[in-house]
Amino acid sequence: MNIIADKKQLSKQLSLADSITSTRSSLPILSNVLIEGKDNKLYITSSNLETGIRVSGNVDVQDEGSIVVSGRKLLSIIRELPDSNILLKTDSNKLLVKSLDSSINAKFTLLGVDRESFPVVKTEIDGSEFVVDAEILRSMIKKVIFSISQDESKYALTGVFMEIYDGKLAMVATDGKRLALVEKELSDIGVEDDGSMIPDEGVIVPKTALSELLKYSFEDQNVSIGFSKNQIFIKYDNVSMVSNLIEGKFPDYKKIIPVDRENFFIVDRETFLSAIKRVSVLVDEAFKRVKLSILPGRMIVSTQSQTMGGAEEEIPIEYGGEDIDIALNYQYMLECLREIDSEAVVVDFEDSERAITVKGREEKGYLNIIMPMKISF
Amino acid sequence: MLLKTMKSRLILHIDMDAFFASIEQFDNPDFRGKPVVVGADPKGGKGRGVVSTASYEARKFGIHSAMPISKAYRLCPDALYVRPRMRRYVEVSKRIMEILSEFSPLIEQVSIDEAFLDCTGTERLFGNPVDIGKKIKGRIFKELGLKSSIGIASSKSVAKILSDLSKPDGLLYCEPGKEKELLSQLDIKYLWGAGEKTVQILRKHGFNKIGDIAESDGKELIRIFGVSGKKLWELANGIDDREVVNIRVRKSIGREITFQEDVDDLETLEKTILYLVDRIAYSMAEEGIMGKTVTLKIRFEDFTTFTRSKTLNRYTDFVEDIKNVAVEKLHEFNIDKERKRVRLLGVSVSNLIFKGTDGEYLSGLQRELFVPEGDEKEKVQKVLHAMKKQFGDIVKRAIFINGEDHNDYN
C-alpha cells in the first residue's frame, strides 16, 4: 500500500474508528485498526466484536494494499505532524508514516499485526434500509439512552428497544426501575414503512452504537438504517457502522404504562428541576432517595441523610387532591426532567407504591415512568 | 431514647494486647518473654511485606505494626519471625466474643481483637464498673492466657481513649460527668476520630490538647473541617451518643478451595465456583448481608496468584449474580486456550451492607417496574437455604450429587 492523505482528514477518520476499539478486550488484536487503500479511498476499520465501524475518505492511492496497526499509536503520530499531506506506505509488515511537509524530516515505522486474525467487519446492509433525519434520530436517542440498564446481568435491558407500531417509530429504554419511551409518527420523520423497516418483534440496539451517534457531528443530515437478522447497519457521511443486536426478550413495556390516572399535578419544569438538584446535595448517595410531599397547591421536596443532615424545599404546583408522599431516586427524576421539552410537566400517580409517569404538558410522544422507593424516612 | 439520655450509659472498650503475637506466645511456650514478630517472611532482611503485630518485647526494639518487615529485621534480627495463622486468631477472637457475651448481649465487634460492650444496667449482676472490667480481663486471661486492656466510660469514644491509655494490661474508668476534665489534658492524637492528617491540621491551628478543642467556640473547627469539625468539638467535650450496635463488622465474605490435583478444565472450575458461591450466599443469608463487589482469586500451579474484582451497581446476595461475575472473571484467564493448571480457586464478596433497621434490605427500598426475571431462581435459593438449615450439607444441587467432595477451607 502506498497512499497520500490529508492530515486533518486522516486524523478525523482515525479518531472515529479508534473510538470503538476496545482497550480492555481479551482479544488484543481488537485494539488495532485495519487500514486499507483501494479505489482511491482510504478505509479505516475497527471493531470491538459487538460494534464495528468503517470510515472512508478520498485519498491518492498509488498502490493498493492494507495493514493492521495500533490505531491509538498511529493517531498519536498523526496528531504530532504538521497540517499537510502524509504518506502511508507499507513495507512487508511495517507501516511507514511520513509527513510530506518540507519543514520536517521525520519518519515513523509502525509494526503491523497479523491481518488474518482481524475480524471481518461487514458494513454493507443486506436487505432494505430506510433514511431518517440525523437530528430527529439523535433527539430520540437522547430522550431514552439514560434509562438503559448498566447491569450486565440484565442483558436485554442494556440497549434501546426499537419497534414500529401504529405507524410510529418507538424507542424504549429501561433499567427495571424507570423507563423512558419516545415515539414519532413515521409521517413526521418522513419515512414510509413498507413493513420491512424493523423486524416485527422489534430490536434491541446496544448502547455503544447509539452513543457514537450522539457524539458525532453530522455533515449530511441523512442517516440510513437497515437490519439483518441480528445486526443493525447505520450509515452516515463517510461512516458505516454495524452492531450486533442484543438477543433477549425486552419486557412488555406497554403493559406497565399506567392508563386512566385521575391524580396528577402540574409543575414548572425548571422550578422542579432546580429544587431536586438543590435538595439532592444532602441526599444519601447510597440510596439517592428524595421525598415528594404533594399537597394542594404546593409540593415539598425533601431528603434526610443519617450521616449528613437533611434539606427541604417547597415549590408551587397545580394540584387539588389529597395529601400524598412519594419517595423516589432523585437521579431518575433529574434525568428525565432534563430531556422534557416543555415548560410545564405533568406527573400522574396512583399512590405511594405504584409507578408515576412524567410527561411534558406540551410535548407529545415522550413519556417517563418511574417506580417509587419505599418511604421510611 | 428518653431513658437513655437520663441515665448514664456504661460502655466498655476491650482491646487485646499484641493480639497475634500474644497468641503465638501462648501457643508456643518457647516464645514467651521473647521478641515475636508476626508478619511477612523477613528473608534475612530482603523480605517484602509488613509487620502485622509485634509482641511487647519486640516493641522495645522499635518494631510496630505496619512497619516494613525488612526494617523490623534490621532493628532486631534475632526476633522470632512467624507467619500469621489467621484461622487460629479468628478462632480465639470468636472465643473472646463469647466470653464478652456472658457480660452483656450488646456487643459491637470492631475488629478481630477489639470490641465495645454496653453494660448499662448490669451493675447489680456484676458489681461496679471497675469490678466488671476486672472480671472480663480475668476471664479472658484465665481461659485464653491473653492480656487485654479495657476502657470504661459513658461513651464509646471515651472508653476507646481509655483502653488506649491503659495499655498494656490495663484498666481505666472515667466517672460520668468527668469526661471533659479527663480529656482536656490529653494530647489531641488520642482523640478518637482524629486521624494523622486531622491531627496535623489541628496542630497547625494551635490545637495541641483535647482541652484546646473543647475550649474553642467550635466555629473555627467548622470553618476548617466542615461538618466533621462540629463532631470533633463534641468528642473533645466528651459528647458522643453513638450507640453500641450489635453487628459484626465484616469486610468481606468468601470461600476458597485448594484442589487435590491441579485442574485445567473450565467446566470443573465453573462448577467449583458455583459450589463456593452457594456456600457464600448461604452465609450471607444467615448473616443478613448483601454485597456489591465480587472477587475471584486464582492460583496457578506455579503459585502465581491473581485476584480480579468487579463491582456491581447494586447490592446482591443472589447466587446467580455472584456466580456470573466470578465466571466472567475466570474466563479472562484464558485457561482453556493457554492450558493453565489451577491450584486454588476462591470467591469473595465485599462492599457489604447489613439488613436495614426496618428489616428490609436497604437496597430493597427501590421498587421494581417489572416482576424480576430472577424471581423463580430467587425462590429456589430461598428453599435451598431453608433446606440446608434443616438438613445440613446433605442438601446439594443436582450437579454436585455425583461429584467428588471438595475440601472446603475457611
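Modeller: Let us begin with Lys143(A), which is buried because its relative accessible area is 6%; buried means under 20% relative accessible area, exposed over 50% and partly exposed in between, with a 1.4 Å probe and protein chains only. The model is predicted, so local features need pLDDT of at least 70 and side-chain atom pairs count only at pLDDT 80 or more, while totals for chains, interfaces and linings use all residues. Residues are numbered from 1 along each chain as its sequence is written, chains are lettered from A and ligands numbered from 1 in the order in which they are written, and side-chain values use heavy atoms, with hydrogens and water left out.

Biologist: Where is the place of Lys143(A), and what does its side chain reach?

Modeller: Helices (H or I, at least four residues) and strands (E, at least two) are DSSP runs, numbered from the N terminus. Lys143(A) belongs to helix H3 (residues 134-144) of chain A. A polar contact is a pair of N or O atoms within 3.5 Å; within protein, one must be able to donate a hydrogen and the other to accept it, and residues adjacent in sequence count only if both atoms are side-chain atoms. Here the side chain of Lys143(A) reaches the backbone oxygen of Glu339(A) at 2.7 Å. Contact means heavy atoms within 4.5 Å; neighbours within four places in sequence aside, the residues in contact with Lys143(A) include Ala180(A), Val182(A), Asp341(A) and Tyr366(A).

Biologist: Is Thr123(A) buried or exposed, and which residues does Thr123(A) touch?

Modeller: Thr123(A) counts as buried because its relative accessibility is 4%. Thr123(A) lies in the loop between strand S9 (107-111) and strand S10 (129-133) of chain A. Not counting residues up to four places away in sequence, Thr123(A) touches Arg54(A), Phe233(A), Lys235(A), Ser240(A) and Val242(A).

Biologist: How is a nonpolar core read, and which residues touch the most other members of the largest one?

Modeller: In soluble globular proteins, nonpolar side chains tend to be buried together. A nonpolar core is a set of buried Ala, Val, Leu, Ile, Met, Phe, Trp, Tyr and Cys residues joined through side-chain atoms within 4.5 Å. The largest one has 100 residues, of which Leu74(A), Tyr236(A), Phe272(A), Ile294(A), Met333(A) and Val358(A) touch the most other members. Helix H6 (residues 330-339) of chain A gives the most to this core, with 6 residues. Another core, of 34 residues, lies apart from it and includes Met284(B) and Phe333(B).

Biologist: How many helices and strands does chain B have?

Modeller: Chain B has 17 helices and 12 strands. Of its 410 residues, 44% are buried. One of the buried residues is Lys388(B), at 10% relative accessibility, and its place is in helix H17 (residues 375-391) of chain B. The C-alpha atoms of Lys388(B) and Tyr282(B) are separated by 8.5 Å, although the two residues are 106 apart along the chain.

Biologist: How many residues of chain B are in contact with chain A, and which residues form a salt bridge?

Modeller: In chain B, 14 residues are in contact with 27 residues of chain A. A salt bridge is a side-chain nitrogen of Lys or Arg within 4 Å of a carboxyl oxygen of Asp or Glu. Between these chains the count is 1 salt bridge: Glu368(B) pairs with Lys177(A), the closest N and O atoms being 3.0 Å apart. On the side of chain B that touches chain A, strand S11 (residues 305-316) of chain B supplies the largest share, 3 residues.
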